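Subject: Two-chain model, handover and findings

Hello,

The structure you asked about is below. My notes follow it.

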Amino acid sequence: MAKVNVGRKILSANETYARKNNELLTRHGNRCFNMISSPGSGKTTLLVRTIKDLAGAVKIGVIEGDIQTDIDAQRIRATNAPAIQIITEGACHLSATQVHQALQELSLDNLEIVFIENVGNLVCPSSFELGEDGKIVVLSVAEGDDKPAKYPAIFAKSKVLLVNKIDLLAAGALVDFDLERVKADARRLNKGIEIFPVSARTGEGMGAWYDWLKGRLAKS
Amino acid sequence: MHEAAMAQNLVEVILQEARNYGGRPIRAKMSCGMLSAVNDDVLSFAFEAVARGTLCEGMQLEIEHKPLQAKCRVCDRIFAVDLSGVKCPDCGKEDFELLPDAPLLLEQIEFEEGVDDGEGERRQEDTERQ
């Protein structure tokens with residue numbers, strides 16, 4: 001039998017497009033962040049609030065990934081920010097090729113930050129680079145404080161962890177969630193990860209997240 | 001089911017290699033890192049489904065998992081980690097940096113014998129010499 005050593009990256013086609021995306025974004029002075037979380041953690045609500053609160057200060061565009069519907073893109077467009085919806089029709093993550101097509105439809109010269117809201121899924125999207133400058137993982141308190149321990153890959157790879165819905169932790173609430181456990185587990189995997197406990201609903205804690213984001217803008 | 005997309009890419013890469021080699025592939029070895037979160041059964045099932053109707057149909061797939069490595073920030077020891085309760089085996093500290101995870105890699109393809117034009121044999125010898 002003829003054995004041939006190959007040594008070839010299986011996802012090289014995706015990586016090629018990820019590089020092209022990053023070059024395109026960099027050329028237009030954009031920073032790009034890939035938001036990943038379980039469904040229902042509040043990614044879209046976080047983006048809507050961020051866009052509204054930073055209106056006039058930071059120009060933001062969004063690429064939305066969902067299995068079905070353009071509900072999320074409509075919510076973003078209601079803020080007057082541009083949004084391109086990718087409907088994956090069942091695929092559990094976005095690919096760099098899909099993002100490449102979506103980037104052609106955004107006026108990148110008029111933007112400073114492009115958020116890619118990945119398909120709600122804490123596992124699959126972490127394996128596919130899209131050309132982003134960093135991943136942002138969102139964890140809402142109702143999901144439980146064991147998630148960094150149970151889904152380590154995405155917490156190990158992310159630049160930022162947004163712990164959302166902290167308004168649910170108010171006195172008398174029915175959510176058991178140990179924020180210190182989440183911080184310790186995430187930092188054990190990823191020493192440099194920035195952790196911002198926030199409520200996109202009440203606005204609590206969002207200031208620190210905005211400061212971080214402004215600090216990432218490309219120098220003109 | 002990120003394995004479905006991985007299987008699709010894997011079949012495409014094998015088909016390209018098979019075209020270059022000019023033979024029928026019967027077995028492939030691939031490797032992946034821990035953070036790729038590959039489930040062998042799911043990937044093999046997806047591979048079988050994607051391969052159907054192509055030159056890869058009926059191929060055997062062998063999947064090797066490469067350990068994730070970390071470097072201790074205190075004593076510089078490099079060690080394999082499983083991410084649950086990680087301590088440096090030398091100094092016992094929990095202060096470490098994760099090293100890059102191994103990529104999804106197609107390591108080796110085995111081709112059926114005697115179905116190519118002889119070019120394959122020459123290339124096989126080249127490979128064995130390396």
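In what order do the 3 strands of the open sheet in chain B stand? The order is E4-E3-E5, and the pairing is antiparallel. Strands here are DSSP runs (E, at least two residues) and helices likewise (H or I, at least four), numbered from the N terminus. Two strands pair if DSSP finds at least two bridges between them.

Some housekeeping before the rest. This is a predicted model: local features need pLDDT of at least 70, side-chain atom pairs count only at pLDDT 80 or more, and totals for chains, interfaces and linings use all residues. Residues are numbered from 1 along each chain as its sequence is written, while chains are lettered from A and ligands numbered from 1 in the order in which they are written.

**The sheet in chain B**

Strands E4 (78-81) and E5 (96-98) of chain B are at the edges. Each has a single partner strand, so one side of each lacks a neighbour in the sheet. Neighbouring strands of this sheet are turned by 35 degrees against each other on average, direction ignored. Axes are lines fitted to C-alpha atoms, for helices over the stretch in contact; angles run from 0 to 180 degrees between N-to-C directions. Strand E3 (residues 68-72) of chain B is joined to E5(B) by 3 bridges, running antiparallel. One pair to look at: B:Cys72 has B:Phe96 of E5(B) as its bridge partner.

**Chain B overall**

Chain B holds 3 helices and 6 strands. Along the sequence the pattern reads α-β-α-β-β-β-β-β-α. It has 130 residues, and 31% of them count as buried. Buried means 20 or more other C-beta atoms within 10 Å of the residue's own; 12 or fewer is exposed, in between is partly exposed, and C-beta atoms are placed from the backbone. Of the contacts in chain B with a separation of 6 or more, 70% come from residues 24 or more positions apart. A contact means that the C-beta atoms of two residues, placed from the backbone, lie within 7 Å.

B:Gly33 sits in strand E1 (residues 25-33) of chain B. B:Gly33 has 21 other C-beta atoms within 10 Å, which makes it buried. Beyond its neighbours within four places in sequence, B:Gly33 contacts B:Lys66, B:Leu68, B:Asp101, B:Ala102 and B:Pro103.

**Where the chains meet**

On the chain B side, 33 residues are in contact with 25 residues of chain A. Helix H1 (2-21), E5, strand E6 (105-111) and helix H3 (119-129) of chain B each supply at least two residues of that side. H1(B) gives the most, with 8 residues. By class, the chain B side has 18 nonpolar, 8 polar and 7 charged residues. Here Ala, Val, Leu, Ile, Met, Phe, Trp, Tyr, Cys and Pro count as nonpolar, Asp, Glu, Lys and Arg as charged, and the others, Gly among them, as polar.

Pairing also crosses between the chains. Strand E1 (residues 2-9) of chain A pairs with E6(B) over 6 bridges, in the antiparallel sense. A:Lys9 stands opposite B:Leu105 there.

**Chain A: a buried strand**

Strand E3 (residues 60-66) of chain A has 7 of its 7 residues buried, so it is largely enclosed by the rest of the structure. A:Ile60, A:Val62, A:Glu64 and A:Asp66 point one way, and A:Gly61, A:Ile63 and A:Gly65 the other. E3(A) is joined to strand E5 (residues 113-117) of chain A by 5 bridges, running parallel. E3(A) also pairs with strand E4 (residues 83-87) of chain A, in the parallel sense over 5 bridges. A:Ile63 stands opposite A:Ile116 in E5(A), and its bridge partner in E4(A) is A:Ile84.

**Chain A: helices**

The axes of helix H1 (residues 12-27) and helix H4 (residues 96-104) of chain A come within 8 Å and cross at roughly 30 degrees. H1(A) and H4(A) are therefore roughly parallel (under 35 degrees; over 145 is roughly antiparallel, 65 to 115 roughly perpendicular, the rest oblique). The contact of H1(A) with H4(A) has 6 nonpolar, 4 polar and 1 charged residues.

A:Arg49 lies in helix H2 (residues 43-53) of chain A. A:Arg49 is buried, with 21 other C-beta atoms within 10 Å. Leaving aside neighbours within four places in sequence, A:Arg49 is in contact with A:Ala200, A:Gly203 and A:Met206.

Best wishes
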